[in-house]
Amino acid sequence: IDEYRPTGGGAKSDVWIQMKADIIGKPFARPKVLEAGSLGAVMLAGTATGVYTNLQQAAEQLVGIDKVFKPNAEKHAMYQEKLEKYKTMQSTLVDLAKKIF
């Protein structure tokens, strides 16, 4: 995956999307239309009724990008470090739980 497309209510928050990009380390491209289900229904209906020749044409005409959030390399490295600590902690707790129970 080279790029993610956030949709729905959470996609309205620049802070939330930037945080996701930093954590995952990949760009997040916010579409102009955030309600993916509704947009998909419009694309399917438009294709079925002949407004669009095919879904490719519908996507080309209806799907646009509002803003791209690129990951911050320093923050990504910090999140990766925290993930490794979490994995170590989780593994240790699983081993401890097996001994106790």
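## Helix H4 and its surface

In this predicted model, Lys87 is a residue of helix H4. Lys87 counts as partly exposed because its relative accessibility is 44%. Between Lys87 and Ile17 there are 70 residues of separation in sequence, and in space their C-alpha atoms are 24 Å apart.

Leu93 also belongs to helix H4, which covers residues 73-100. With a relative accessibility of 48%, Leu93 is classed as partly exposed. Leu93 is one of the residues that make up a nonpolar surface patch of about 790 Å², to which Leu83, Tyr86, Met89, Leu96, Ile100 and Phe101 also contribute.

Lys85 and Glu81 are four residues apart in helix H4, so about one helical turn separates them. Lys85 counts as exposed, because its relative accessibility is 55%, whereas Glu81, at 46% relative accessibility, counts as partly exposed.

## Salt bridges elsewhere

How many salt bridges does the structure hold? There are six salt bridges in the structure. As a general point, side chains of opposite charge can pair when their charged atoms come close.

Arg5 and Glu3 form one of these salt bridges, in which the closest N and O atoms are 3.1 Å apart. Arg5 has a relative accessibility of 44% and therefore counts as partly exposed, and Glu3, with a relative accessibility of 32%, also counts as partly exposed.

Another salt bridge brings together the side chains of Arg30 and Asp14, with an N to O distance of 2.8 Å. This pair links distant parts of the chain, since Arg30 sits in strand E1 (residues 28-31) and Asp14 in helix H1 (residues 14-24), with the two residues 16 apart. Is Arg30 buried or exposed? Arg30 counts as buried because its relative accessibility is 7%, while Asp14, with a relative accessible area of 34%, is partly exposed.

## Helix H1 and what covers it

In helix H1, the residues Ile17, Ala21 and Asp22 are buried. Viewed down the axis of H1, its buried residues fall within an arc of 140°, and they therefore line one face of the helix. Among the elements that cover the buried residues of H1 are strand E1, strand E2 (65-69) and helix H4.

After helix H1 comes Gly25, a residue with a positive phi near 85°.

## The aromatic pair

The structure holds one aromatic pair. This pair consists of the rings of Tyr4 and Phe28, whose centres are 5.1 Å apart and whose planes lie at 20°, so the pair is stacked. Because Tyr4 lies in the segment before H1 and Phe28 in strand E1, the pair ties together parts that are 24 residues apart in sequence.

The two partners can also be described by their accessibility. Tyr4 is partly exposed, because its relative accessible area is 27%, whereas Phe28 counts as buried, its relative accessibility being 5%.

## Positions in the loop and the leading segment

Where does Asn54 lie? Asn54 is found in the loop between helix H2 (36-48) and helix H3 (55-62). With a relative accessibility of 35%, Asn54 counts as partly exposed. Asn54 and Met43 are separated by eleven residues in sequence, and the distance between them, taken from C-alpha to C-alpha, is 8.9 Å.

Gly9 has its place in the segment before H1, and because its relative accessible area is 52%, Gly9 is exposed. Gly9 and Glu35 are 26 residues apart in sequence, and their C-alpha to C-alpha distance in space is 8.2 Å.

Note on methods. Residues numbered from 1 in each chain as written. Predicted model: local features only at pLDDT ≥ 70, side-chain atom pairs only at ≥ 80, totals over all residues. Heavy atoms only, no water. Patch = residues over 30% accessible without salt bridge, like charges linked within 9 Å, V, L, I, M, F, W, Y side chains within 5 Å. Areas by Shrake-Rupley, 256 points an atom, 1.4 Å probe, with all protein chains shown as cover. Salt bridge = Lys/Arg side-chain N within 4 Å of Asp/Glu carboxyl O. Buried < 20%, exposed > 50% of the residue type's maximum accessible area, 1.4 Å probe, protein only. Arc of directions from axis to C-beta. Contact = heavy atoms within 4.5 Å. Phe/Tyr/Trp six-rings, centres within 6.5 Å; stacked < 30°, edge-to-face > 60°.
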